[in-house]
Amino acid sequence: MIHERQLFGPGPSNPYPEATAALGAPLLGHLDPLFIDLMDETSDMLRQVWGTSNARTLPISATGSAGMEAAFVNTVHPGDVVVVAVNGLFGQRMCDVAARCGAEVVPVEHEWGHPVDVERVLAAHPSPAIIAAVHAETSTGVRSDIAALGAAKGDALLLVDAVTSIGGIELRADDWGIDVGYAGTQKCLGVAPGLAPFTINDRAFARRVDKPRSWYLDLGLLGGYVGEASSKSGGRTYHHTAPVAMVASLHGGLRRILDEGLEEVWARHEEAGRLLQDGLEEMGLELFAAKGHRLPELTTVKVPEGADSAAVRRYLLERHDIEIGAGAGEFASTVWRIGLMGHNARPDAVLLVLAALEDALAHA
């Protein structure tokens, strides 16, 4: 039986209808000229949502976590110093992946719920090869100033996690000095999980690892199949069987976003987040993320005293078919994460989740 849920957690979100419809289109072969054209159009649209002109911008055939792996495995040489801004779970994961690639990792720890302290990150090492940071920390609902890091990065490469920010809030990879960026499809892009929108500029590509530890995620090999290759050049080479239906779905979701207008989509997320956060505070609940740095697309709220976090989430799921997320790490039982991403960034969705949460707090 097909069961429909309202996905108001940290991801996945309910997809845009255009993304869902594209999944039902007739399947194409992964080297069919029609699919190659579709892939090229998808990569072009990804450049627009990334805010970049990078030729090597592509949907990697795996989830956002593989985008993270690709970012580090292609840029970290053994012994490289990698400074990582850690203000949540996904900064911690960056440290783990960089270390597995042989980096000397310099973590710059922050209190969860607060943005990255740019000055401390820049002062952590005099000459790092890479500075890495999360733009929108999914575990805490906090936005950090990536542009400030990029403006003062020096010779270091700036590597950025944009999984929760892309398609939801302002993101300007070229203007902000992002050299390598990765994301996921399942949040503000409004597409099912399964692809990792990725971009790398010429500066970073020139410094890449010649033969990275991962064959599948080797950008030198991937570049001959998608991104830098053109369907009109005759230079397209076989690398792997692309998930053609997912690429078609991403194409549909991106077309939906760009038809609405990227800045209009950002404004829609901003309005939905503000309405939700105001409504939660009117209910007497306390927000977790630092004021002035809260994400509109992902709100973190403290579980009120006396409430059973798991019971409330279970009631929402069973009674209202609504999913919200638990907190992460030490805040797993004391914080809820409520996402209004992509198709769900709408005022009617705000009213629905507020009413359902009020009911759950009264009866769970």
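1. Helix α11 (residues 262-282) lies across β11 and β14, at about 10° to β11. Axes are lines fitted to C-alpha atoms, for helices over the stretch in contact (heavy atoms within 4.5 Å). Angles run from 0 to 180 degrees between N-to-C directions. Helices (H or I, at least four residues) and strands (E, at least two) are DSSP runs, numbered from the N terminus.

2. On provenance: this is a predicted model, where local features need pLDDT of at least 70, side-chain atom pairs count only at pLDDT 80 or more, and totals for chains, interfaces and linings use all residues. Residues are numbered from 1 along each chain as its sequence is written, and side-chain values use heavy atoms, with hydrogens and water left out.

3. The sheet is open and three-stranded, in the order β11-β14-β13, with antiparallel pairing. β11 (298-302) and β13 (325-326) each have a single partner strand, so one side of each lacks a neighbour in the sheet. Two strands pair if DSSP finds at least two bridges between them. β11 and β14 share five bridges. Leucine 298 sits opposite glycine 339 of β14.

4. Asparagine 344 counts as buried because its relative accessibility is 2%; the cut-off for buried is under 20% relative accessible area (1.4 Å probe, protein chains only).

5. What does the side chain of asparagine 344 reach at 3.0 Å? The backbone oxygen of leucine 7. A polar contact, also of 3.0 Å, joins the side chains of asparagine 344 and asparagine 14. Such a contact is a pair of N or O atoms within 3.5 Å; within protein, one must be able to donate a hydrogen and the other to accept it, and residues adjacent in sequence count only if both atoms are side-chain atoms.

Notes:
Buried < 20%, exposed > 50% of the residue type's maximum accessible area, 1.4 Å probe, protein only.
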